[in-house]
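The following note is intended for a colleague who is new to this structure.

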Amino acid sequence: MTDRYLMCAPDHFTVAYAINPWMKGNIAKDNRDMALRQWSALHGMLTRAAQVQVMPSAPGVPDMVFTANAGLVLESRVVLSRFRHVERQAEEAHFERWFRQQGMEVLRLPPELRFEGAGDALLDRGQPLLWLGHGHRSESACAPLLQQMLDIEVEPLRLVDPRFYHLDTCFCPLEGGYLIYYPAAFDAASRERIHARIPAERRIAVISADAAAFACNAVNTGHYVFLNRASAILVKELRSRGFIPRQTPLGEFMKAGGAAKCLTLKLNEARLAPARSVA
Ligand code: ARG
């Protein structure tokens with residue numbers, strides 16, 4: 001099946017405030033033309049491998065280009081985000097309108113809970129499991145509620161490095177139950193939970209240089225893995241498992257703390273069947 005993704009035109013993208021460490025020192029330092037070129041290159045690559053829907057941008061919400069944070073999609077339903085920072089809260093209405101126009105059922109968590117969608121809530125690609133990053137943006141209290149609302153097991157993971165403030169900045173489940181991740185971004189108990197659920201031969205731990213280049217912030221469709229940059233080691237690791245890494249520079253968006261995965265939201269998220277136990 002061809003995957004479907006949502007992207008948002010970058011016309012209003014800029015670094016206008018600092019709500020993560022990447023943005024500090026980068027306010028107004030982005031280059032608009034370069035951002036547009038980089039976004040278009042990613043869009044072009046992804047369009048050749050999948051279907052991409054582009055929603056219009058809006059003035060006053062420069063981070064709306066990061067559609068991963070719109071919500072968490074599962075089948076025809078979406079749990080809408082509720083952003084931690086006031087700077088991003090106005091995006092919620094835009095995303096909600098877009099989802100409703102698509103005929104999707106929009107669900108919400110209780111108003112006191114912060115939740116940043118597919119920035120922090122990532123479906124495993126090998127088992128019916130939802131990973132939830134918390135500690136910076138989304139709250140761990142979302143875990144039992146998401147489990148109930150969506151009828152899927154949720155495994156919470158605590159993020160401990162402020163540079164990796166969303167789960168998708170340091171953790172990327174890949175087709176076939178593989179995983180790219182940066183172990184140091186998690187506390188020890190969370191690392192153990194990852195190890196308990198994903199066998200060693202399916203885990204690809206990246207070095208700090210790859211993590212800092214947002215290599216874990218990858219879009220995986222079929223065999224393709226689109227990312228900002230990957231070291232020779234990571235390229236080899238991915239290729240040896242049958243993946244085809246495709247690098248496309250996204251430095252302008254990294255100034256805002258995002259790269260390939262943040263700029264997309266997968267819209268066709270199916271429910272995986274539980275692995276059959278061998279009798
Ligand atoms: N400036 C945005 C923020 O701090 C970047 C969001 C990146 N998105 C992501 N899914 N990691 O919220």
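This is a predicted model: local features need pLDDT of at least 70, side-chain atom pairs count only at pLDDT 80 or more; totals for chains, interfaces and linings use all residues.

1. Residues are numbered from 1 along each chain as its sequence is written, and side-chain values use heavy atoms, with hydrogens and water left out.

2. Ala, Val, Leu, Ile, Met, Phe, Trp, Tyr, Cys and Pro count as nonpolar, Asp, Glu, Lys and Arg as charged, and the others, Gly among them, as polar.

3. Aspartate 63 places a polar side-chain atom 2.8 Å from a nitrogen atom of the ligand. Aspartate 168 likewise has a polar side-chain atom 2.8 Å from a ligand nitrogen atom. For arginine 137, a side-chain N or O atom is 2.8 Å from an oxygen atom of the ligand.

4. Of the 350 Å² of accessible area that the ligand has on its own, the protein covers 100% (Shrake-Rupley method, 1.4 Å probe).

5. The largest pocket is lined by 17 residues, with Arg125, Glu175, Lys266, Ala270 and Leu272 nearest its centre. A pocket is an open set of points on a 1 Å grid over the protein atoms alone, where a 1.4 Å probe fits, with protein on both sides within 12 Å along at least five of seven lines; lining residues have an atom within 4 Å of a point. The lining of this pocket divides into seven nonpolar, three polar and seven charged residues.

Definitions and conventions. A polar contact is a pair of N or O atoms within 3.5 Å; within protein, one must be able to donate a hydrogen and the other to accept it, and residues adjacent in sequence count only if both atoms are side-chain atoms.
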